[in-house]
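Reader: I have a model to go through. Let us take it in short questions and answers.

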Amino acid sequence: MSYEKVLQATKISIGTKQTEKALKDGTANELIIASDADTKVTAPVVKLAQDVKVPITYVDSMKKLGKASGIEVGASTVVIIR
């Protein structure tokens, strides 16, 4: 289901740095996190999303999340922009 959200989104940011930026500047609508990503990488983004009350959705695969985002490598985090 969440892969479809990423595919249908008109604007997304991929990766933890870009995701963190979108969360901080208030443009994030929903955070998608790959469950198989390293928690050391994703934990700060999850905390930030919780702090700014952005919904978090987990998916099972970095590889599938990357593919749904239109990149050839895995993605640990993707944020859907308003």
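Author: Helices and strands here are DSSP runs, numbered from the N terminus. The model is predicted.

Reader: Is S61 buried or exposed?
Author: Buried means under 20% relative accessible area. S61 has 13% relative accessibility, so S61 is buried.

Reader: Which residues does S61 contact, beyond its neighbours within four places in sequence?
Author: Neighbours within four places in sequence are set aside. What remains for S61 is Y3, A34 and D36.

Reader: How far is S13 from Y3 in space, C-alpha to C-alpha?
Author: S13 is in strand β1 (residues 12-14). In sequence, S13 and Y3 are ten residues apart. In space, C-alpha to C-alpha, the distance is 14 Å.

Reader: Why does S13 count as buried?
Author: The cut-off for buried is under 20%. S13 falls below that cut-off, because its relative accessibility is 15%.

Reader: Where on helix α2 do the buried residues fall?
Author: The buried residues in α2 (residues 16-24) are T19, A22 and L23. Seen down the helix axis, they fall within an arc of 100°, so they line one face of the helix.

Reader: Which residues are exposed on the other side of α2?
Author: The buried face of α2 is covered by elements including β1 and β2 (28-34). The exposed residues on the other side are K17, K21 and K24.

Definitions and conventions
Residues numbered from 1 in each chain as written. Predicted model: local features only at pLDDT ≥ 70, side-chain atom pairs only at ≥ 80, totals over all residues. Heavy atoms only, no water. Helix = DSSP H or I, 4+ residues; strand = E, 2+ residues; numbered from the N terminus. Buried < 20%, exposed > 50% of the residue type's maximum accessible area, 1.4 Å probe, protein only. Arc of directions from axis to C-beta. Contact = heavy atoms within 4.5 Å.
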